[in-house]
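The entries follow the order in which I looked things up.

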Amino acid sequence: MNSLILSAFSRFLFALMLVVSLYILYRGHNDPGGGFVGGLMAAAGFAILAMADGVQAARRMVRVHPVALMGAGLVLALLSGLPGLVNRGSFLAHWWFHAGDFHSGTALAFDIGVYLAVLGGILALILRFYEEQPEA
Amino acid sequence: MLLAQAVLWPVAIPLATAALAACCWQRLAAQRAISAAGVLLMFAATLLLLWQVRAEGVQAVQFGGWAAPFGVSFVADRFSAAMAAITGLMAFATWLFGQADIRRREERAGFHPLFHGMLAGVNGAFLTGDIFNLYVWFEVMLITAMGLLVIGRTRAQLDGVLKYAVLNLFSTLIFLMAVALLYGVAGTLNMADLAVVLPQAGPSLTLTISALLLLCGFGIKAGYFPLFFWLPASYHTASITVAAIFAGLLTKVGVYACFRVFTLIFTVEGSGLREILAVMAACTMLFGVFGAAVQWDVRRILSFHIVSQIGYMLLGLAVATPAALAGGIFYIIHHIVVKANLFLLAGAIHRASGTFDLRQSGGLMRRSPLLAALFLVPALSLGGIPPLSGFWAKFMVIDASFRGGQGWLAAVALVTGILTLYSMTKIWMEAFWKDPLMPRPTARAVPAPMLAAIALLAAVTVAIGLQAEPFVAYAQSAAQALVDPSDYIAAVLGAVPAEGGAMAEPRP
Amino acid sequence: MNLIYALAIALLTGCGVHMLLSRHVVRIILGVSLLSAAVNLVIFYSGRISSTVPPVIEPGSSALSEAAANPLPQALILTAIVIGFALIAFAAALALQAQRSIGTLDNAGLDVAESLGTPFDGPEKRR
């Protein structure tokens, strides 16, 4: 698709969606939101990029292969479960840190893992869908 | 920590292996190394779990620090520990075989992450103590299995996987609907908790529907009589390493789920399920074996035999006495080893003669006598010839069904055994004994890893056959635990952690 | 309310099964997704429809308020939707691939797997 308007706007939309997706990811800690929704949003951002500038541009923007992203997310999610084993004897029992009003914990790492896994999984699918379109 | 969480590792290790292998998407050498390490570690972890369960009884862990009915539990009793251990063995054997069989193109299509993802799904299904979690593991298994089925991207595989995908998707939806109805009645999804709550709820139409939906959902997975058609329509298209692990494990996950659900949550005794199960078992045996009789492709013969053998396991559940359940459990374990081995042998036959079609092959007896000797072990075991493992397995279920007053089921099982031998004889005569149609100019040798994997599984078959006593005793104690699940329930619901009540506290 | 709900489930299931019985793979996949929507509604219904207050813990308190809806069915449905989404996306990708390499998605034309191991043609006919 060679639309100048879409192409010009896609950069802006892409950046906006990425930022919002990160915000949703962080918000999921205490409010509705989280890694899955955030990951979907980010994947939609990349999808817009792929639509406007072609799949190659989107792939360059992801830098690593989407499946590798999925694997990395899964590794991170698994690792985030391990600290709970150490002191509470239960996988995925999370650690928490407090600094004044701000608190966070290994649950955030799990959510980031989910974010990456969803992003990678969706991208692996939709980039393939888009890619083979012209050949058909 | 390593021992206390022994239930966790058989699932966590393949999951981590799959994730790490996916991280190295472009680097095949790294994927191979990770895969090898993952297979060995998982095999070790499952053996550790088996040893732990034998030594200390039922093992249970909770996730996320939430106590039993609220959090997700993983439980290993003797049955599930044995299933996990056999999964470890299968993973090792097929991995070994795959060293010579998996092509570079298939590796590039993601063989290693998918293979380990599927193993994680299988082990998760064996070890979970929560019925919704069981659904999740079924889906993990399904999506990775679909990926593995089309790993070669051939047209036949695409056709086969579409049938596989649609029917298995449908089965998981039925399963999920049954779970929803169960939740509506009992308000809990923990299987041990369900076993406590449901007897108090009393019989109701919702529960009956739920039980029948579960039977259908698991039945499609396992390949029971009216629901097995997807199996011989898709398994023969897969590459042989994949087909072997599918044949060994995937349908047996459905059988395992049936054994678990219809002993722990529902009962066969006095619920009217016995008649349904008995007819299904008899038809599964007969239709499978007749289906196999007309086939000429080795893989299709073996696919139909999976169906027919599933009938024997279902027979154990239909009779539902402790002896029959023990027979069923023994049968599952024997069958996983033997059936996977036969598929590996089909791969070796293909490698040696260049075809899966029995009409075109031949002369392997002279060309590779070692392969012929190795073929005899699982083939005769499948037919139930003493002293191999299949004899004891058949003996246990048939004996139990005579004693359970189901003589006609025993008769069907005996007839099926003879017809099974007919198919095995056909493979033997056509592929090994008869002279080849035309002398092949290039007689290819079977690579050593293939022979090693086949020999390993054949050795296990012989070992179970000659030293049946400890295996039978183990199956009997596992069946006893199924009939009287009080240990299982106590391990899950009474699992008080070291810090006492702190676990049940909600998070800050 | 309950009746409307039950009718909606019945309607979705009926449409899903109707589509599932079609010969065309795309229709079958659509049928599966309709059916999964129906199943999700069954889960939701099993958790009883009682309240419309979202099950989110209010800032400042540490437990869910009494009036809140049952959160468990929502969690179950979310999981089921995620999994169903992944599976249906995968199935759609398979269908696309099949369309490209086999050239049809009509089940009447999809017989490559059957003819791979057919017992009917003799060896001389296959060559």
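Entry 1, a criterion. I take a salt bridge to be a side-chain nitrogen of Lys or Arg within 4 Å of a carboxyl oxygen of Asp or Glu. I applied this rule to a predicted model, in which side-chain atom pairs count only at pLDDT 80 or more.

For polar contacts, with both residues at pLDDT 80 or more, I found five residue pairs across the interface of chain C and chain B.

I next asked which elements of chain C supply the side that touches chain B. Helices α2 (25-46), α3 (71-102), α4 (112-116) and α5 (123-126) of chain C each supply at least two residues. The most comes from α3(C), which gives 16 residues to that side. By class, I noted 28 nonpolar, eleven polar and six charged residues on the side of chain C that touches chain B.

I then looked up the extent of this contact. It takes in 45 residues of chain C and 41 residues of chain B. Together, chain C and chain B bury about 3800 Å², and 74% of this lies on carbon and sulfur atoms.

The contact draws 20 residues from chain A and 21 residues from chain B. The buried area is about 1700 Å² between chain A and chain B, with 70% of it on carbon and sulfur atoms. I counted zero salt bridges between chain A and chain B, and one residue pair in polar contact, both residues being at pLDDT 80 or more.

Which helix of chain A gives the most to the side that touches chain B? I found helix α4 (residues 66-88) of chain A, with twelve residues. I classed the residues on this side of chain A as 13 nonpolar, six polar and one charged.

I looked for the largest nonpolar core and found one of 239 residues. Those with the most contacts inside this core are B:Ile131, B:Phe246, B:Phe262 and B:Phe266.

Note on methods: Residues numbered from 1 in each chain as written. Chains lettered and ligands numbered in written order. Heavy atoms only, no water. Contact = heavy atoms within 4.5 Å. Buried area = accessible area lost by both parts, 1.4 Å probe. Polar contact = N/O pair within 3.5 Å; in protein donor to acceptor, adjacent residues only side chain to side chain. Helix = DSSP H or I, 4+ residues; strand = E, 2+ residues; numbered from the N terminus. Nonpolar A, V, L, I, M, F, W, Y, C, P; charged D, E, K, R; others polar. Core = buried A, V, L, I, M, F, W, Y, C linked by side-chain atoms within 4.5 Å. Buried < 20%, exposed > 50% of the residue type's maximum accessible area, 1.4 Å probe, protein only.
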